Amino acid sequence: MGAPKAVEVPQPLTASYARSFGEEGMAWIAGLPALAAEFLDRWELKRDGASGSGEASLVLPVLRNDGTRAVLKLQMPREETTAAVIGLRTWDGEGMVRLLGHDPGSSTMLLERLDGARTLTSIEDDDVAMGILAELEARLVRVPAPQGLRSLGDIATEMLEQVPRAVTALADPADRQRLRGWASAVADLVGEPGDRMLHWDLHYDNVLAAEREPWIAIDPEPLSGDPGFDLWPALNSRWEDVVAKGDTPRLVRRRFDLLTEVLGLDRARATGWTLGRLLQNELWDIEDGATALAPSSVAIAESLVNRRS
């Protein structure tokens with residue numbers, strides 16, 4: 001038999017690393033095939049399907065020695081990957097994909113394999129999909145955050161320090177006023193940031209069908225904080241469909257009410273932290289050169305702030 005076929009790096013992953021990490025990222029990408037080969041050999045794994053990728057990781061379906069189906073996930077070591085391992089170990093499969101193996105030096109993970117072809121996006125009824133996500137979210141945030149994760153209090157304080165400069169980058173006075181308003185909401189809450197373990201990116205595409213449970217969450221970016229800060233990815237899920245239905249405020253509020261009811265959150269406080277999440281997103285975009293707030297951020301904020309009931 002010939003040597004195993006070398007792992008090919010998908011072009012979108014290469015482009016993502018070039019865009020996000022520059023020369024450091026491209027150097028890591030160059031060594032990725034060898035890194036994959038090393039762990040396939042070290043952990044005695046056999047490839048079992050086509051590779052895939054996200055914004056920051058290469059994912060290889062594999063079989064373990066005992067025939068168990070798993071996934072080899074390779075990503076450049078960063079603060080986020082360290083946090084992910086802390087979260088995966090703490091949740092220990094409770095509503096979350098299971099961590100089967102980990103190499104601290106390279107941040108390589110071996111994870112249980114779920115059905116990557118079926119996400120919550122496949123469920124057409126939005127109330128059903130959002131209900132499933134909300135129940136998962138409730139299980140995840142029930143867990144107290146362990147040591148070693150970033151605190152929402154620190155993140156919120158850093159955001160507030162960035163606002164005065166960021167405001168000057170916005171061309172529209174109405175956008176400037178909105179950003180100041182969102183910052184004001186965060187300033188009112190920053191002293192009580194919460195202590196739950198948050199997923200930070202739980203949307204429809206990060207919930208996969210599985211065998212041991214019908215649906216399981218993946219790709220956490222854990223931090224310690226208030227669950228209200230964790231709602232935006234769900235509210236923003238399948239956004240084009242929300243807009244296409246023609247009544248964005250009503251649909252945003254319906255999603256928000258379902259989430260806060262299942263999670264048992266105070267809606268005023270959850271609204272404030274959702275504005276904080278929008279603030280974070282916009283500060284990132286402004287840092288990347290944006291001069292206007294994203295229409296989706298404005299629509300979500302106004303749907304929650306201007307509600308009459």
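1. In this predicted model, the charged end of Arg277 is placed over the ring of Phe229, at 5.4 Å from the ring's centre.

2. Helix 1 covers residues 11-30, which makes 20 residues. Its end C-alpha atoms are only 12 Å apart, short of the 28 Å that a straight helix would reach at 1.5 Å a residue. Helix 1 also has a kink of about 140°, and the kink is centred on Phe21.

3. Which residues of helix 1 are buried? They are Leu13, Ser16, Tyr17, Gly25, Trp28 and Ile29.

4. On aromatic pairs, the count comes to four. One of them joins Tyr17 and Trp28, whose rings are stacked, with 5.0 Å centre to centre and 15° between the planes. Both Tyr17 and Trp28 are buried. Ring pairs also bring in Phe21, so that Tyr17, Phe21 and Trp28 are linked into a cluster.

5. A separate point concerns Phe256, which lies in helix 9 (residues 248-263). Is Phe256 buried or exposed? Phe256 has a relative accessible area of 1%, and therefore counts as buried, the cut-off being under 20%. Leaving aside residues up to four places away in sequence, Phe256 touches Leu231, Leu235, Arg267, Ala270, Thr271, Thr274, Leu304 and Arg307. Between Phe256 and Gly95 there are 161 residues in sequence and 21 Å in space, C-alpha to C-alpha.

Terms used
Residues are numbered from 1 along each chain as its sequence is written. This is a predicted model: local features need pLDDT of at least 70, side-chain atom pairs count only at pLDDT 80 or more; totals for chains, interfaces and linings use all residues. Side-chain values use heavy atoms; hydrogens and water are left out. Rings of Phe, Tyr and Trp (its six-membered ring) pair if their centres lie within 6.5 Å; planes under 30 degrees apart count as stacked, over 60 as edge-to-face and the rest as tilted. Buried means under 20% relative accessible area, exposed over 50%, partly exposed in between (1.4 Å probe, protein chains only). A charge sits over a ring if NZ of Lys or CZ of Arg is within 6 Å of the ring centre and within 35 degrees of the ring normal. Helices (H or I, at least four residues) and strands (E, at least two) are DSSP runs, numbered from the N terminus. The expected span of a helix is 1.5 Å times one less than its number of residues. The bend at a residue is the angle between axes fitted to the seven residues ending there and the seven starting there. Contact means heavy atoms within 4.5 Å.
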